[in-house]
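Here are my notes after a pass through the model, as you asked. Have the structure open while you read them.

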Amino acid sequence: MSMPGRFITLEGVEGAGKSTALERVRELLEGTGLDVVVTREPGGTALGEDLRTLLLGHKHTGMADDTELLLMFAARAEHLHQVIEPALAAGRWVLCDRFTDATYAYQGGGRGLARERIAQLETWVQGTRCPDLTLLLDLPVAVGLERAGKRSAPDRFESEQQVFFERVRQAYLTIARNASARVKVIDAGRDLGEVGAAIAAEVEAFLERVR
Ligand code: Z5A
């Protein structure tokens, strides 16, 4: 018996291990025979990836916070129209690396933009569409920055100070407290095996709920 498509997102502060987690979730879903579309934000479409380059690159380092917010939602509008909504309508599962919770965390918590302003754009661009399940990979900012620092050159967000990421983390945890049915917090400070097991438990519980 076929199930309708579902929308799952992954969130977390810098170096939380989203890339690894994303692959784990994909394997779990595909292992049960589901048709999974893996995508990311900002990005996921040709236009969205171009906007990502503008947002993450250092060409426009001093862009206004409002500009950053609007570009995030411009990329999201395109992503919803071109990828997310058609996939869900076709009964496919969408697994997305970051979505609107990241806007509340980075542009809201990090940059300090008003929650109401973000909520207006959310309603405009998404209507009632929101993820069915969100896995929030949480860990102390210093640990995440230490892990992320071992990778490539920092992008425009990664160049921020630790206090910025502390605000981002707290904003994410506030979202999780206010939407506990949807957002499951994974302690990502543990070793990869333990994090993977916690992710598997949440995904399996979700599959049980929706079947
Ligand atoms: N952004 C925004 O501001 N507003 C929005 O609305 C949206 C996004 C949608 C790009 O996101 C930026 O966009 C992001 C927020 C902003 N900026 N930042 N920062 P992104 O998701 O593409 O960028 P990212 O956060 O840098 O994600 P990432 O590069 O994919 O990082 P990650 O997935 O969390 O980390 P990782 O590569 O999986 O792991 C980091 C390292 O740690 C790596 O070497 C792993 O092998 C290692 N690792 C992972 N897990 C473990 C454990 N458990 N133990 C030990 N080591 C580990």
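**Notes on the model**

1. Let's start with Asp-155, which is buried at a relative accessible area of 19% (buried means under 20% relative accessible area, exposed over 50%, partly exposed in between, with a 1.4 Å probe and protein chains only). You'll find Asp-155 in the loop between α6 and α7. Helices here are DSSP runs of H or I with at least four residues, strands are runs of E with at least two, and both are numbered from the N terminus.

2. Before going further, the ground rules. This is a predicted model, in which local features need pLDDT of at least 70 and side-chain atom pairs count only at pLDDT 80 or more, while totals for chains, interfaces and linings use all residues. Residues are numbered from 1 along each chain as its sequence is written, and side-chain values use heavy atoms, with hydrogens and water left out.

3. What does the side chain of Asp-155 reach? There are two backbone nitrogens to look at: that of Phe-157 at 2.9 Å and that of Glu-158 at 2.8 Å. Both are polar contacts (a pair of N or O atoms within 3.5 Å; within protein, one must be able to donate a hydrogen and the other to accept it, and residues adjacent in sequence count only if both atoms are side-chain atoms). Setting aside neighbours within four places in sequence, Asp-155 is in contact with Leu-56 and His-58, where contact means heavy atoms within 4.5 Å. Ala-102 is 53 residues away from Asp-155 along the chain, and their C-alpha atoms are separated by 16 Å.

4. α6 (residues 141-148) and α7 (residues 162-178) pack at about 120°, with their axes 10 Å apart. The axes are lines fitted to C-alpha atoms, for helices over the stretch in contact, and angles run from 0 to 180 degrees between N-to-C directions. α6 and α7 are therefore oblique to each other; angles under 35 degrees count as roughly parallel, over 145 as roughly antiparallel, 65 to 115 as roughly perpendicular and the rest as oblique. Their crossing is right-handed, meaning that the near helix is turned clockwise from the far one by less than a right angle.

5. Who meets whom there? Val-141, Ala-142 and Leu-145 of α6 touch Gln-162, Phe-165, Glu-166 and Arg-169 of α7. By type, the residues of this contact are 4 nonpolar, 1 polar and 2 charged (Ala, Val, Leu, Ile, Met, Phe, Trp, Tyr, Cys and Pro count as nonpolar, Asp, Glu, Lys and Arg as charged, and the others, Gly among them, as polar).

6. Now the other helix pair, α1 and α8 (residues 192-210). These pack at about 40° with axes 10 Å apart, and are therefore oblique to each other. α1 passes α8 in a right-handed crossing. On the α1 side the contact includes Arg-24, Val-25 and Leu-28, and on the α8 side Ile-199, Ala-200 and Val-203 are among the residues involved. The whole contact divides into 9 nonpolar, 2 polar and 2 charged residues.

7. How much of α4 (residues 100-110) is covered? The count is 11 of its 11 residues buried, Tyr-104 and Tyr-106 among them. These buried residues pack against β1, α3, α5, β4 and α7. After α4 comes Gly-112, with a positive phi near 90°.

8. Please check two bits of backbone geometry. Most residues other than glycine have a negative phi, and most peptide bonds are trans. Arg-98, in the loop between β3 and α4, has a positive phi near 75°, and is buried at 14% relative accessible area. The peptide bond from Glu-41 to Pro-42 is cis, with omega near -15°, and Pro-42 sits in the loop between β2 and α2.

9. Thr-45 belongs to that β2 to α2 loop as well, and is buried at 10%. A polar atom of the Thr-45 side chain lies 2.8 Å from the backbone nitrogen of Gly-48. Beyond four places in sequence, Thr-45 is in contact with Glu-78, His-79, Gln-82 and Val-83.

10. Last, Ala-16, in the loop between β1 and α1, counts as buried at 5% relative accessibility. Leaving aside neighbours within four places in sequence, Ala-16 is in contact with Leu-137, Leu-139, Arg-147 and Ala-188.
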